[in-house]
Amino acid sequence: MAAAVADAEFEAGNVTIAFDNPAAITHDVAVEDSGGNDIGKSDLIAQDSTTLVLRDMKPGKYTFYCTVPGHK
């Protein structure tokens, strides 16, 4: 069973999020800034792994979540 991550910290600049979904149900990882603007989103995957690369991230607070309805 994979562990859920509630918080993450990173340095400003380019950020790569490695996302592993061992479940048969599709999931993704999306990131939005404190104003609710979408910053990036990975592909929807099931029983697979992917990465999301975010370029030139500025210091601040961001929210990461799954965009599948009911998962946020």
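His 27 sits in the loop that links strand E1 (13-21) to E2, where helices (H or I, at least four residues) and strands (E, at least two) are DSSP runs numbered from the N terminus. The model is a predicted one, in which local features need pLDDT of at least 70, side-chain atom pairs count only at pLDDT 80 or more, and totals for chains, interfaces and linings use all residues. Residues are numbered from 1 along each chain as its sequence is written, and side-chain values use heavy atoms, with hydrogens and water left out.

Beyond four places in sequence, the contacts (heavy atoms within 4.5 Å) of His 27 include Phe 19, Asp 43, Cys 66 and His 71. With His 71 there is also a side-chain polar contact of 3.1 Å; such a contact is a pair of N or O atoms within 3.5 Å, and within protein one must be able to donate a hydrogen and the other to accept it, while residues adjacent in sequence count only if both atoms are side-chain atoms.

Turning to strand E2 (residues 30-33), Asp 33 belongs to this element. A polar atom of the Asp 33 side chain lies 2.9 Å from the backbone nitrogen of Asn 37. The C-alpha atoms of Asp 33 and Tyr 62 are 4.6 Å apart, although 29 residues separate the two along the chain.

The largest nonpolar core has eight residues: Val 15, Phe 19, Val 29, Val 31, Ile 45, Leu 52, Leu 54 and Met 57. Such a core is a set of buried Ala, Val, Leu, Ile, Met, Phe, Trp, Tyr and Cys residues joined through side-chain atoms within 4.5 Å, buried meaning under 20% relative accessible area (1.4 Å probe, protein chains only). Strand E4 (48-57) and E1 each give two or more residues to this core, and E4 gives the most, with three.

Notes
Buried means under 20% relative accessible area, exposed over 50%, partly exposed in between (1.4 Å probe, protein chains only).
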